[in-house]
Amino acid sequence: MRYEEEVGTSAPLKAGFGSTMGTLITRIKLRNYKSIASCDVTLNDLSVLVGLNGAGKSNFLDAFAFISDACNNTLDAALRNRGGVGAVRRKSGGHPVNFGMSFFVNLDEGRNAFYAFEISALPGEKFEVRKEVASISDPDPTKSYDYKVERGMIISMTDIGVKPDIRPDRLFLTSVAGLKPFDLLFDAMSSLVVYDINPDDFRFPQPHEAGSSLNSSGQNLAAVLREVSNESPMIYDRISEYLKRIVSGIERVEVKSLGPTETIQFSQNVQGGSSPWRFDALNMSNGTLRSLGVLTALFHQKMHRNSRAAFTGIEEPEGTIHPGAAAVLMDAILEAAKSSQVILTTHSPELLDHSGVRDDNLLVVTSERNETSVGHADEASRRAMRDSLMTAGELLRANQLAVNKKERVNLSQASLFAQ
């Protein structure tokens, strides 16, 4: 099926179920992470990373996946999954040995947190946590909860009745994950999910499994849709409504059991047919499958949370989707951003030209001699958008989006840990 035959209309859907929840990660600092020498970026409910191929958009987004990976697995696994510490720390003439990250976080219970760490590379592809700090506010303004560790030693820590074991090759946050209120910070950092939806990972039938969380490529999409359909029909219907607008003729999406496996089945109107025909995922286009995967990534987390803010990162949600469907796709992204912080990378001027995208949603990513800069658009670009002289999409097409020079920073070790 050709993309031109898939695209539905961009007429707006009726109001969704989202409500404003707040931004989970309000600010991030990176130092010597992959191609990023340093950056200090504030984030909104929706942040859209734009830039040329190879500029470093994916490297910035991967920082969120890295800390989540380190919390859900181990620091060693997070590094090995990226080729080891030598592949993660920035390559440059100065040969930096350390890389680090800082996060400013909105937590449950009205708390805020600051969390930062720095990793040192050691000979033989070994590493250690050179420094790690955490600070969590309390509803009582006279109280706070903090710790500071350096190279396998607890330098200071709020007295909470116990001092967990510490290892120089582990993040201390994983050791205090069961202790209040550090559990709130751990839950937040481990919940950061970055998706790069790959239709080939769920085109064929998959074994039955739990479907509470969609994995990063969408491989367990059938299981997740089955659980959403059973537990939250309203969310399931919302995903279906958007898919019908993106893909012409789709009438229904359901999960079909095939003995020890399951797949996704689509009911779609065909020329000359008196009723919709059924097609398994194997027979559907990349555009249809990717659309369903992206929509599920955007909305399914709401099934498992109440007031808690969440985070969803998506690599190029418009990939293999016809440009004519961009308006509907951005409608879905904007609705999802009311209940989950959304960060995405894109090359699509059509997405950027949506009326709901503000100039402060844009994060421009540029690269010079393999050194990435990340920040909001410069004043000239923002003025052009505010005065309706050029749209963000037109600026992207003309390669006229630039990082605000005031946001270009050179983070020292001290400023990485400054709150």
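Reply: Ser-248 lies in the loop that joins helix 8 (233–246) to strand 11 (250–258), where helices (H or I, at least four residues) and strands (E, at least two) are DSSP runs numbered from the N terminus. This is a predicted model, in which local features need pLDDT of at least 70 and side-chain atom pairs count only at pLDDT 80 or more, while totals for chains, interfaces and linings use all residues. Residues are numbered from 1 along each chain as its sequence is written, and side-chain values use heavy atoms, with hydrogens and water left out.

With a relative accessible area of 35%, Ser-248 is partly exposed; buried means under 20% relative accessible area, exposed over 50%, and partly exposed in between (1.4 Å probe, protein chains only). The C-alpha atom of Ser-248 is separated by 54 Å from that of Arg-130, a residue 118 positions away along the chain. For scale, the C-alpha trace of the protein spans about 75 × 55 × 45 Å along its principal axes.

The buried residues of helix 7 (residues 221–231) are Leu-221, Ala-222, Ala-223, Val-224, Leu-225, Glu-227 and Val-228. These buried residues pack against helix 8 and strand 11, and also against strand 12 (261–268) and helix 9 (286–299); a contact here means heavy atoms within 4.5 Å.

In the loop between strand 14 (311–314) and helix 10 (326–336) sits Glu-316, which has a positive phi of about 40 degrees although it is not a glycine, and which is partly exposed with a relative accessible area of 29%. Thr-320 lies in the loop between strand 14 and helix 10 as well; it is not a glycine either, yet has a positive phi of about 60 degrees, and its relative accessible area of 36% makes it partly exposed. Elsewhere, the loop between helix 5 (172–175) and helix 6 (182–190) holds Pro-181, and the peptide bond from Lys-180 to Pro-181 is cis, with omega near 0 degrees.

Stepping back, the protein has 14 helices and 17 strands, and buried residues make up 53% of its 419 residues. The largest nonpolar core has 61 residues, and those with the most contacts inside it are Phe-60, Phe-64 and Phe-103; such a core is a set of buried Ala, Val, Leu, Ile, Met, Phe, Trp, Tyr and Cys residues joined through side-chain atoms within 4.5 Å. Helix 2 (residues 57–72) gives the largest share of this core, 9 residues. Apart from this core lies another, of 58 residues, among them Ile-197, Leu-289, Leu-295 and Leu-396. Leaving aside residues up to four places away in sequence, the residues that Phe-60 touches include Ile-28, Leu-30, Leu-363 and Val-374.

Finally, a compact globule of 419 residues would have a radius of gyration near 22 Å, and the protein agrees with this because its own value is 22 Å; the radius is taken over C-alpha atoms, and the globule rule is 2.2 Å times the number of residues to the power 0.38.
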